[in-house]
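Student: I have a new structure to look at and would like to learn how to read it. Could we go through it feature by feature?

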Amino acid sequence: MSEAGFQRARSAAAKQAREQAILDAARALGRRHGVRDVTLTDIAAAVGMHKSALLRYFETREQIFLELTAEGWRQWSADLCGDLTGRARATPAEVAGVVSGTLAARPMFCDLLAQAPLNLERNVSIESVRSFKLVTLGEVERIGRELHRLLGLTELQAVDMIATATGMAGALWQMATPGPRLRELYASDPRLAHAAVEVEPRLTRVLTAYLTGLTAETPAAT
């Protein structure tokens, strides 16, 4: 859509369609360039509107990506719980593998997980943060029920485990996707080979050890 051809949405349905187009553009740009490097101007240009027109739909660039983070939580939780729900029983290693695999399969979500506490939650309204936190709370509770059923984790243990998994996924993704210059540096010096990480194997190892320790202290659910 060209900027000249853009017209302000006049109905609720048209407004919703514009908002979805903005989210779709931001998602595509984030996947291509990384969330940190996408500007509001980039998103507006991709949709075919001026930046000032885009601000009629979202208060800031950060709100756009916070909406995408909430979307990512819903999708990840649905995929993760869909797998766990189909299991009558599971070992800590199996649960760790499913958690790690479903996170690693969502690179942009991992990117967003790192960006959310660093900046996405810091340049939006309190109501936007409240809405985002309520989404994550609901998904954490949903995942927590499966962790309790399969491994006997308490509510606090499940919350800690999910926070560990998502926090590490965000950090590891940043480490796994260095810029071109850093990538060349790591490849040129064998002493720096450890700096290039793979998200899923490392996250699986850490979560397996973490869950094994927790379940050794917590009786399995019956």
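Student: Which residue just after H7 takes a positive phi?

Tutor: That is glycine 152, with a phi of about 75°. Keep in mind that this is a predicted model.

Student: What does the chain consist of, helices or strands?

Tutor: The protein chain has ten helices and zero strands. Read from the N terminus, its elements run α-α-α-α-α-α-α-α-α-α. The C-alpha trace spans about 65 × 50 × 30 Å along its principal axes.

Student: Which residues of H5 are buried?

Tutor: A general point comes before the list. In an α-helix there are 3.6 residues a turn, so residues three or four places apart point the same way. In H5 the buried residues are Pro92, Val95, Ala96, Val98, Val99, Ser100, Gly101, Thr102 and Leu103.

Student: What do the buried residues of H5 pack against?

Tutor: They pack against helices H4, H6, H7, H8 and H10.

Student: How do I read the crossing of two helices, for instance H6 and H8?

Tutor: Look at the approach of the axes and at the angle between them. The axes of H6 (residues 107-118) and H8 (residues 155-176) come within 7 Å and cross at roughly 105°. That angle lies in the range 65 to 115 degrees, which means that H6 is roughly perpendicular to H8.

Student: Which residues meet there?

Tutor: From H6 come Pro107, Cys110, Asp111, Leu113, Ala114 and Gln115; from H8 come Thr166, Ala169, Gly170, Trp173 and Gln174. The residues of this contact divide into six nonpolar, four polar and one charged.

Student: How many residues does the largest nonpolar core have?

Tutor: It has 62 residues, and Ile43, Phe65 and Leu103 have the most contacts inside it. H4 supplies the largest share of this core, ten residues. Over the protein chain, 44% of the 222 residues count as buried.

Student: What is phenylalanine 65 in contact with, leaving aside its neighbours within four places in sequence?

Tutor: Its contacts are Ala26, Val35, Val38, Ile43, Met108, Leu112 and Leu120. For the protein chain, among contacts between residues at least 6 apart in sequence, 72% join residues at least 24 apart.

Terms used. Residues numbered from 1 in each chain as written. Predicted model: local features only at pLDDT ≥ 70, side-chain atom pairs only at ≥ 80, totals over all residues. Heavy atoms only, no water. Axes fitted to C-alpha atoms, helices over the stretch in contact; angles between N-to-C directions. Helix = DSSP H or I, 4+ residues; strand = E, 2+ residues; numbered from the N terminus. Parallel < 35°, antiparallel > 145°, perpendicular 65-115°, else oblique. Contact = heavy atoms within 4.5 Å. Nonpolar A, V, L, I, M, F, W, Y, C, P; charged D, E, K, R; others polar. Buried < 20%, exposed > 50% of the residue type's maximum accessible area, 1.4 Å probe, protein only. Core = buried A, V, L, I, M, F, W, Y, C linked by side-chain atoms within 4.5 Å.
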